[in-house]
Amino acid sequence: MARELGELNREGFARYKADVKNEGKPFFPRAILHDTIMSLVVVCVTVGLAAIWYYGSSNKGLTGGVLGPLYAPPADPGTTSFVPRPDWYFYFLFYLLRIFKWPETVFIATVGIPTICLILLLGLPFYDRRRERRPSRRPVAMIAAVLTVLSMAVLTWKGATANEALGSELVLLVPKWAHQQGFEGKELPTKGATLFAQSGCLNCHTYLGQGAGQLGAPNLSAIGATNDAAFFLQYIQNPAAFGNKVMGSYSYLGQPNLHALAAFLAASKGGK
Amino acid sequence: MATTVPRRRKVKPRRQKLVEQAVLAPLDWVDERTAFVKGTKWFLFRHVPRDVSWLQTLGSATLTAFIVQALTGAILAMYYQPSAAIDPQTGKPVAYSSIQSITNDVTLGWLVRGMHRWGASVFIILLFLHMGRVFLFGAYKYPRELTWITGVLLLATGMLMGFTGYLLPWDQTAYWATAVGINLNGTAPFLGPWLAQFLAGGPEIGNYTLAKFYAIHMLLLPGAIFALIGVHIYLVTRLGVTSPPWSKEEAGRDRPPKVPTGRRAGLVRPSGDGDGARPGLVRSGGSGGAS
């Protein structure tokens, strides 16, 4: 019993080689036949998906069938109301971002958890060193696997169904914001608040409990307590000049709109 | 007729010999230097456990999905133009227009693009299923640890392929998803900001980003994947595939400690008298598969 694991491993593998040699079946043509059938299925499924995608679409490919459109409109760095959405196998990461959305923790979702997962996967043969291979005798491994699959499935599902609040819905909140922040009846901040809701600011920022809180964008509920409208006017036209490399410039909105936005931000003192 | 048949028979062997020589001489010449016949035999004419299951075709299915990606990708690269500049004819970005023309104008272009687009998802799904199968079978254990590691690296490379390929159509979905993706890289400690800047290639996502992603997607990562697949398949061939762990005739199964009759233990299947102590492990009876 006291024999070393390495010795047992080598003996087991020697037995394996002898068994395969004596009682195994030839890889060619018997096993490779199954591989070939399976490969044909893979190619057929791929062709089928391509056909369903193409023939299901209409309106020159911009309106999709079951599998979605052939393409979205061309890339336009100027728009801000577009909801970023990765391919489905990154949905879990996409949703992790919403869980760890505060600026100090966002790196846990983006780098921390994926790195830990990768290390755990790479190291698997080195921390699971028992020779036992039967699933019924590997309860820890099986429970861990089930939990991993479940959490990936839940995160992917949540990421797939997550809805960013749409500008048209957020506009309805403007009167409430005005009341809470005390700029009711003031024209410029109200116009700014409407723009704020419509221009996709809340795809990254949060404001009075709304918004995505992505990419470490701060909560703007009380941003007005820190600076005045003149500062915000400069900032939103060129965030990079203030050391913000993540946020883009919003100067394309035009001076009157920018003034309104700046007034709205300055009026946001945290609310009651 | 009766006279021609034997004459043909006389001529055929000589002609056949000449043809055989003509065909075989260059093959012999190559084989003498590469031993590819030995290699092919080593790969094809080996034995696998007789109880391998359909689940164990997932690996070759993943390989097939990758080959589909490589072939369709090579065709797409002949028509695709990685440029974010505005095409004066269409008024749309060049990359976007080239994808439109592949889909609408190039013969069967829609099929090639569709296969590449959806083949990517098929590839990723199969990677995960294949990994799940290996985990279930405990097939990553001694001596197949390195096979597992190359497999995990293939999974990571495959995901990176998905990330870099997603930008290339240069539509709104692609652009904004990549904008978020690059910013995510930027949140990493130490290397993050540098990596984000390298990927974007400029103050904002534009032409340089597109060219960079294209080069990574169709030169760098495919090279890495080809190399990793080569190592992976070499290791699988060298170390063999495992039996399903629940199989009664599992290759390499434990044998009863020592058969006291003096017969050589180990290679010989137990006759049934020695396995009383561990009934679940071995199946007595059966004439053995030595055929």
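**View 1. Chain B and its buried residues.** Of the 291 residues of chain B, 37% count as buried in this predicted model. Among the contacts in chain B between residues at least 6 apart in sequence, 64% link residues at least 24 apart.

**View 2. Where chain A meets chain B.** Chain B brings 75 residues to this contact, and chain A brings 66 residues. On the chain B side, at least two residues each come from strand S1 (47–48), helix H3 (58–79), helix H4 (94–104), helix H5 (109–136), helix H6 (145–167) and helix H7 (172–186). What kinds of residue make up the side of chain B that touches chain A? That side divides into 48 nonpolar, 20 polar and seven charged residues.

View 3. Which residue in S1(B) is the bridge partner of Lys25(A)? Find Val48(B), and you have the partner of Lys25(A).

**View 4. The domains of chain A.** Follow chain A along its numbering to visit each domain in the assignment: domain 1 covers 19–74, domain 2 covers 82–162 and domain 3 covers 167–267. How far apart are the C-alpha centres of domain 1 of chain A and domain 2 of chain A? The distance between those two centres in chain A is 26 Å.

Note on methods:
Residues are numbered from 1 along each chain as its sequence is written. Chains are lettered from A and ligands numbered from 1 in the order in which they are written. This is a predicted model: local features need pLDDT of at least 70, side-chain atom pairs count only at pLDDT 80 or more; totals for chains, interfaces and linings use all residues. Domain bounds come from an automatic or database domain assignment. Two residues are in contact if their C-beta atoms, placed from the backbone, lie within 7 Å. Helices (H or I, at least four residues) and strands (E, at least two) are DSSP runs, numbered from the N terminus. Ala, Val, Leu, Ile, Met, Phe, Trp, Tyr, Cys and Pro count as nonpolar, Asp, Glu, Lys and Arg as charged, and the others, Gly among them, as polar. Two strands pair if DSSP finds at least two bridges between them. A residue is buried if 20 or more other C-beta atoms lie within 10 Å of its own, exposed if 12 or fewer, and partly exposed in between; C-beta atoms are placed from the backbone.
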